[in-house]
Amino acid sequence: MLLFLVIGLMLLPALQKHFGFFNQEPLHGDVRLAADTVLQADNWFDGRFAKSKEKYINDNFGFRNSFVRLKNQVYFSAFDQAFAKEVVLGKSNYLYESRYLDAYAGKDYIGDKQTDARFEKLKLIQDSLAKHGVTLVLLFAPGKATYLPEYIPEMYGPHVVKTNYLEHIRAAKQFGINHIDLNGWFLKMKPTTKFPLYPQTGTHWSTYAAYIAFDSINKYLEKKLDKKLPHFKINTVEWKKELAWSDKDIEDALNLMTDMPHYKMPYPSIIWPDSQNCFRPRVLTISDSYWGGIYDSKLAKTAYNHPEFWSYDQFVMNYGSPSKKEFACDLDLKTHVEQKDVVFIMASEASLRFMGWDFIEEVYSMYTNGPAHYPALQASRKKSIEICMIKTFIASDESWFDGVKRDAEADKISVDSSLQQHANAVYANRHSSDKPVKK
């Protein structure tokens, strides 16, 4: 009897794989599963088939997701270990991303020279856009590490004198760049706020925090544009134990069996009492994922006139059809920027080293090189986003990415540099017969 039970248990994963008796919740985060392989003469004799098939079986057997979650739960509960890329377990069940801790500690500081050069370009861009009636505003989004340093593990240490955030604020004031310091404002509110501005198990600001940040942005614009904008009013605030995805995005990446202990989070319900007879500016936002919370809440859709969100200066989001993908590089940059009333460039602490991504350089080049440079600029923008998408594809292909890492080790360079080389090679091969763009 015991023998039959053991055999049955051993067969269960295979039966689940082929018949799918139980629904398995997919794993979240940076999960790369090996693809199946096809038997051929060359991969059989050199051993690649067996190796690839073994990876595929290991990644796709029945109940694998449950076993992964069980292992993660045991290590998390017993040893305080988190099996997720860049996730750091802080004190009292606070989760952080390592890049935010690095930014808080100043480890990713780009340097005085590069910071000042960036703001010299921003000054020229701000003045050039102003001639076309466009207001440029930098938005410094908060960071969880700066707002909640008391829960950071001791091994990460205190921050240094110079960080990208502190030096960007300094440069913005020095060069006279329009900006809103949401990071500093959050710190000032911390002792008196009635509602948590950050969740324990998420990396972004809370839903409530995104709402009040957007309200402050609108009040700033009213003064800057000297026009009345729509404003919402918080009707009720409901405390919920069941968190929205944005309040537990890091926890989801841990892939645990059970939810981590956490406090309740506030979720506001709003009304727009004065949105009719108001000016609704045309707004373009270039930002990281922090603006995503504002975009998803439809706040920008109600307050602005056909707002656009260029996610990382690549993907265009404008409340159009989700199935229709648009890319910033396919748009005429000059026409598209100059027809706006406001251009926001937003970045959180962890993204400040890349602030604007390619947007600042592109618009600066547009205004310094003139119309004759537009075709070459457009081609450069298209190349940039295509290479970025190639890198994403390579990183998602386990076999290919293993080759990237082997090349990095052999060439004694970083994995990122090796990935860039692979992507450049793919791009060059794709466009080897293209005609050169006239400059």
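Here are a few questions and answers about this predicted model.

User: How many helices and strands are there in the protein?
Analyst: Happy to start with the overall picture. Buried residues account for 46% of the 439 residues. Among contacts between residues at least 6 apart in sequence, 74% join residues at least 24 apart. As for the elements, the protein has 18 helices and 11 strands.

User: Where is Asp108 found, and which residues does Asp108 touch?
Analyst: Asp108 is in the loop between helix H5 (98-105) and helix H6 (112-130). Leaving out residues up to four places away in sequence, Asp108 touches Asp102, Ala103, Asn164, Glu349, Ala350 and Arg353.

User: Asp108 is buried, so why does Asp108 have no salt bridge?
Analyst: Good one to check by distance. The nearest side chain of opposite charge is Arg353, 4.1 Å away.

User: Which elements give two or more residues to the lining of the largest cavity?
Analyst: The structure holds 1 cavity of 30 Å³ or more, and the largest has a volume of about 30 Å³. Its lining consists of Val283, Thr285, Trp291, Tyr295, Ala300, Pro307, Glu308 and Phe309. The elements that give two or more of these residues are strand E7 (283-287), helix H12 (290-296) and strand E8 (308-311).

User: How many nonpolar, polar and charged residues are in that lining?
Analyst: Glu308 and Thr285 are among the lining residues; Glu counts as charged. By class, the lining has 6 nonpolar, 1 polar and 1 charged residues.

Definitions and conventions: Residues are numbered from 1 along each chain as its sequence is written. This is a predicted model: local features need pLDDT of at least 70, side-chain atom pairs count only at pLDDT 80 or more; totals for chains, interfaces and linings use all residues. Side-chain values use heavy atoms; hydrogens and water are left out. Helices (H or I, at least four residues) and strands (E, at least two) are DSSP runs, numbered from the N terminus. Buried means under 20% relative accessible area, exposed over 50%, partly exposed in between (1.4 Å probe, protein chains only). Lys and Arg count as positive and Asp and Glu as negative; His and the chain ends are not counted. A salt bridge is a side-chain nitrogen of Lys or Arg within 4 Å of a carboxyl oxygen of Asp or Glu. Contact means heavy atoms within 4.5 Å. On a 1 Å grid over the protein atoms alone, a cavity is a set of points where a 1.4 Å probe fits but cannot get out, and a pocket is an open set with protein on both sides within 12 Å along at least five of seven lines; lining residues have an atom within 4 Å of a point. Grid points are joined across faces, edges and corners, and a volume is the space filled by probe spheres set on the points.
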